[in-house]
Amino acid sequence: MEQACQLLACLSIFWTTLVPAACAVVPVEKSEYADTCKVRIREQPDVLEVTWPASGSEHIRIRFAATGQTGLVKDIALLAGDDERVVARDLDPVFFVTVGTREAPSGRPPWLAVWDVFFDKPARRPYQRHRSVLRLKRVRVSGQGQRARVAFGDLEIGPFAGQLLWDFYAGSRLVRIEAAVATQLDRRAILYDAGLVGGQTDWQQVVWVDTQGARQAAPVREGLPARTLAVRYRTVIAAGAHGAVALFPPPHQFHFPRDWTDNLRFVWYGTQYQGLEPRFGIGIRQEADGGRAFEPWFNAPPGVIHRLGLFCVPAADATRALDETLRWTNGDRFVKLPGRITFTTHYHMAVAVSAMERTTQNIPEFIGVFKRMGVEAVHLADFHGDGHPKDPGPLRLPELEMLFRECERLSDSEFLLIPGEEVNEFLGLAGPGRHPGHWMCLFPRPVYWIMRRQEGQPFVEYHGRYGRVYRVGSRQDMIELLRRERGLAWTAHPRIKASSWTPDAIRHEDFYLADFWLGAAWKAMPADLSRPKLGERALQVLDDMANWGQKKYLPGEVDVFKIDHTHELYGHMNVNYLRLDRLPRFEQGWQPILDALRAGKFFVTTGEILVHDFRVAGRESGDTVHLPATGRVTIEADIAWTFPLAFAELVSGDGARVYRYRIELGETQAFDRKTWRWQLDLRDRRWVRLEVWDVAVNGAFTQPVWIAQ
């Protein structure tokens with residue numbers, strides 16, 4: 001069956017590829033282009049020329065052929081004074097869309113849409129692959145200020161149709177190439193590959209960084225078979241005597257949620273890629289079957305525009321192209337901010353069980369990975385498929401002891417490994433047989449506790465080896481433990497996975513209303529390329545919790561199993577910047593981290609956008625502000641970023657509705673920092689928070705500032 005589907009897909013691609021090229025010059029619509037735009041666009045005979053300042057005195061020029069024949073990109077050149085260096089010529093962008101079906105598991109709450117799903121694997125069912133075909137019928141140019149766009153239509157990719165977009169950003173080398181397409185088919189899940197084909201007359205080698213961190217190169221030659229590569233930084237570069245072109249995907253949006261971060265060979269180069277294109281090419285790709293139980297792909301709801309993005313960076317040589325590419329993600333590192341520490345949560349590393357199976361005290365690979373990434377505090381979720389969490393003591397207590405010992409051994413003055421569990425017991429709906437959903441548990445110090453308590457057994461007893469040991473056998477026991485030990489708990493992956501009905505179903509429960517219940521967690525899940533943000537599911541949870549009336553917060557979580565240095569972790573990462581002057585030491589406990597979380601003194605980011613400060617009438621997130629009689633307040637935000645910004649939103653609520661005040665940020669350039677001040681009327685509002693998103697759909701958001709009633 002699968003072979004038959006693949007044959008049909010190949011036949012479909014074969015016929016749609018045989019499209020006669022147009023010969024007439026296609027007219028250009030320029031009514032939305034301002035002559036004052038820093039990106040200069042002009043028409044010449046058979047050519048549309050785009051030129052913009054890149055850095056210093058250097059400009060970049062891309063010329064498009066306006067006849068619809070092969071070689072949409074006539075050439076890409078670097079301009080410096082009278083010097084013109086053609087980096088590549090005769091190029092065509094190419095997109096491949098893999099189209100499967102979306103199914104939701106049974107037993108989900110009726111209020112959840114089919115799109116709020118993780119437990120799916122479209123690769124198990126028939127799917128088809130389609131190659132893009134550009135039937136050049138129209139060209140529209142728009143632009144003002146620092147940015148411009150050239151839109152080519154019509155673009156077809158199997159059941160998807162729309163436009164091919166090229167976006168340019170004055171002050172940087174960055175070019176975004178995008179298939180903006182829609183489908184009318186319902187319940188579809190997709191993947192996409194993209195790249196540039198042609199250019200072999202100018203390119204001499206392909207360059208990448210392998211998963212060991214070593215730079216590699218392969219010569220470009222006629223008939224070079226297509227290869228897929230596992231690389232660092234999601235980047236592939238084609239270089240020649242006069243320059244280079246780097247291609248890479250949106251750093252986080254390109255990676256649909258997974259439980260594993262193993263590298264699935266996310267780039268390609270060569271000829272005959274997907275067996276369709278005889279010319280040489282380079283590009284990015286996704287693997288249909290990642291080999292894990294669940295690989296949910298991207299949602300593809302009908303009737304909306306899906307944006308399949310690819311970034312291009314032209315430069316003088318391969319080294320500069322790579323250096324420029326690494327700048328966008330700070331080298332896949334979370335930069336240090338004064339007065340903040342980086343904290344990340346929800347990792348199933350099986351630290352204790354692995355240590356008990358080893359004969360030597362080595363340093364697990366994930367420690368070095370986190371340190372190189374600039375992560376200072378990591379909260380584990382051990383005994384989730386490993387160990388014996390339900391054991392009455394003989395097995396569990398030694399495992400807890402090993403977990404605590406290993407966390408202490410692997411911590412130092414610059415890195416803190418925090419023991420923790422995804423408990424999934426006790427704190428759920430009242431009544432027998434009610435599933436609690438999944439929730440995270442964080443104590444401020446090592447705590448020995450057992451998830452079993454028989455009738456007549458004490459809640460707490462003192463053990464000769466372990467000291468105080470708690471026995472938990474009920475909801476009240478769990479609540480008492482969290483209160484006595486000043487712990488925190490929160491819903492993991494709310495409204496999806498095994499928490500699909502929470503926190504909604506538990507919002508009136510005593511433990512949810514308690515001050516130890518932090519709220520829920522954020523992750524870019526599910527993935528939907530039609531959305532301008534990541535993780536809207538969880539952002540809506542944050543807004544709903546705020547409107548429900550309690551001070552609840554939303555830390556970012558990652559939720560993956562195992563990590564080593566070859567993995568593509570950064571694409572799945574987010575981090576919490578906690579307002580703390582210094583990192584706690586393991587032996588002193590990490591109560592300050594819990595205090596910062598409980599007080600809402602943090603922001604969440606994918607790394608490219610940093611909220612140095614956010615204040616409403618002088619008060620920061622987690623604080624309560626008193627409004628003046630007019631209700632109008634000054635909101636200040638000190639933001640730094642790498643990619644040019646797209647927009648910000650001031651999100652507020654009145655206890656029932658959510659309000660969004662959108663600020664367009666199209667005038668921002670790359671690699672900048674600015675303090676904005678806005679005046680906003682917040683009468684009748686109970687809270688307000690900030691989100692900021694860039695052109696690669698990287699983002700950052702604060703926790704709410706509460707408004708006194």
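1. The model is predicted, so local features need pLDDT of at least 70, side-chain atom pairs count only at pLDDT 80 or more, and totals for chains, interfaces and linings use all residues. Residues are numbered from 1 along each chain as its sequence is written, and side-chain values use heavy atoms, with hydrogens and water left out.

2. An open sheet of ten strands, with mixed pairing, runs in the order β1-β8-β9-β10-β11-β21-β17-β16-β13-β14; strands here are DSSP runs of E with at least two residues, numbered from the N terminus, and two of them pair if DSSP finds at least two bridges between them. Because β1 (28-33) and β14 (215-219) stand at the edges with a single partner strand each, one side of each is left without a neighbour in the sheet. From one strand to the next the twist averages 20°, an angle between axes fitted to C-alpha atoms, on a scale from 0 to 180 degrees between N-to-C directions.

3. Within this sheet, β8 (residues 133-144) and β9 (residues 147-157) pair in the antiparallel sense over nine bridges, and Val 141 stands opposite Val 150 in β9.

4. There are four cavities of 30 Å³ or more, a cavity being a set of points on a 1 Å grid over the protein atoms alone where a 1.4 Å probe fits but cannot get out. The largest cavity holds about 110 Å³ of space, a volume being the space filled by probe spheres set on the points.

5. The largest cavity is lined by 13 residues, with Phe 404, Pro 419, Gly 420, Glu 421 and Phe 443 nearest its centre; lining residues have an atom within 4 Å of a point. The largest share of this lining, three residues, comes from α5, a helix being a DSSP run of H or I with at least four residues.

Methods: 1 Å grid on protein atoms, 1.4 Å probe; cavity = no way out; pocket = protein on both sides within 12 Å on 5 of 7 lines; lining within 4 Å.
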